[in-house]
Amino acid sequence: MDARRPNVLLVMADQLAAGWLPAYGHGAVHAPNLTALAEDAAVFESAYCPAPLCAPSRAGLLSARLPSRNGVFDNAAEMPAALPTLTHQLRAAGYYTGLVGKMHFVGPDQLHGFEERLTADIFPGDLDWTPDWRLPAGEQLPWYHTMESVLEPAVSVASMQQDYDDEVAFRAVRKIFDLAREDSGRPFFLVASFSNPHDPWELRPRYWDLYDREAIDLPAVPRIPLDEADPHSRRLREMCGVDEVELSPDQLRAARHGYYAGISYMDERVGEVLTALRDAGLYDDTIVVFTADHGEMLGERGLWYKMSFFEHSARVPLLVRVPRAGSPRRVAEPVSQVDLAPTLLELTGNPWPDEHSEGLDGTSVAGLMSGEAESRPGAVLAEYLAEGVN
């Protein structure tokens, strides 16, 4: 292995806000593997997704461009195959590039620079989720979020998302050992992307049993009266049917219980991948990144899921461990996920080529991690261009 070019392992969760993790101060959630990683990493305390929705956020992360620039406006927008990505740049520099799990690519290009996908995606890559802007504001599309996940969290020995994430962890672990055995001399960029803790919250009993239902916190800010809410929140509440149900404190705790169980389940899968990296002898040669595509409101202000710019929807965890980088630090300055691609390219010694750097919204924040820079140049911006906007 070329010691001058570290490997990169990017681990992603789906719908995980920073504020629900113990590494960011939450006192009830059990996530020991991510807590341990945070103790050995740069912890970005104010990292924001480029768009609080799956496909636009992930496209922004890979392309270092906001949705209005990369064209991925919603979960049915095709990511252009000609759009340069972090993956393209690392592959061109000689890296092996592999994807395990969800990335929510829409359209015929399901790789965007990855040499191989070791699992299928959990969501379809077609255009079925295209919103119909001609419909009245409150008329829901058949695939849209409802309150069903909130009302019916469940103990489930097997579920689609657990089955999927079990396979993601298994194949990521297997690929790590394959890469170690091959010893090809090529560094690798491997993405392991999990579906949890995205709703529906259907988890095995032992993850539920980590929590005492009565001790689970209620929303710090309860549901805002509809006539006092901002216009976008009113629109989202209408589209999701939030005000069609009146949730009791026990129902609120039950939904949060399911979400916390999903975090603990996902944390255990992350631990399996990181253990494999250590057991394969690759941990000290690998940059490890953990993040999520967006957050989860979980009843704060009466909102659920994502799609807004409140902290629990837009602020995401971002942990970056660089081998032999000195003491870990907490970075308070605001950053964006569109900064991740330029940062990883700088850390691996492969700066974005001039011909592909025009129009980038992201910038390297490696200097913040090392303490050489005091702030990110320019404001951190985010966009929401999908269904639910006014």
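Author: Let's begin with helix α2, residues 54–63, which is mostly covered: ten of its ten residues are buried. Here "buried" means under 20% relative accessible area, while exposed means over 50% and partly exposed lies in between, using a 1.4 Å probe and protein chains only. Helices are DSSP runs of H or I with at least four residues, strands are runs of E with at least two, and both are numbered from the N terminus.

Before going on, please keep in mind that this is a predicted model, in which local features need pLDDT of at least 70 and side-chain atom pairs count only at pLDDT 80 or more, whereas totals for chains, interfaces and linings use all residues. Residues are numbered from 1 along each chain as its sequence is written, and side-chain values use heavy atoms, with hydrogens and water left out.

Back to the helix. Among the buried residues of α2 are C54, P56, R58 and L61. The buried residues of α2 pack against β1 (7–13), α3 (67–70), α4 (86–92), β7, β9 (286–292) and α11 (340–347), where contact means heavy atoms within 4.5 Å.

Eight strands form an open sheet with mixed pairing, in the order β5-β4-β7-β1-β9-β11-β2-β12. Two strands count as paired if DSSP finds at least two bridges between them. At the edges stand β5 and β12 (330–331), each with a single partner strand, so one side of each has no neighbour in the sheet.

Now follow the pairings. β1 and β7 run parallel and are joined by five bridges, with L9 opposite L190 in β7. β7 (residues 188–193) is also joined to β4 by six bridges, again in parallel, and the partner of Y96 in β7 is F188. β4 (residues 96–101) is mostly covered, with six of its six residues buried. Two bridges link β4 in parallel to β5 (residues 116–117), where L99 stands opposite R117.

Next, look at the nonpolar cores. A nonpolar core is a set of buried Ala, Val, Leu, Ile, Met, Phe, Trp, Tyr and Cys residues joined through side-chain atoms within 4.5 Å. The largest has 77 residues, of which L16, F194, I263, M266, F290 and W304 touch the most other members. Helix α9 (residues 249–279) gives this core its largest share, 13 residues.

Finally, α9 has a helix partner. The axes of α6 (residues 160–182) and α9 come within 8 Å and cross at roughly 10 degrees; such axes are lines fitted to C-alpha atoms, for helices over the stretch in contact, with angles from 0 to 180 degrees between N-to-C directions. That makes α6 roughly parallel to α9, because angles under 35 degrees count as roughly parallel, over 145 as roughly antiparallel, 65 to 115 as roughly perpendicular and the rest as oblique. Residues making this contact include A169, V173 and F177 of α6 and Y265, V273 and L277 of α9.
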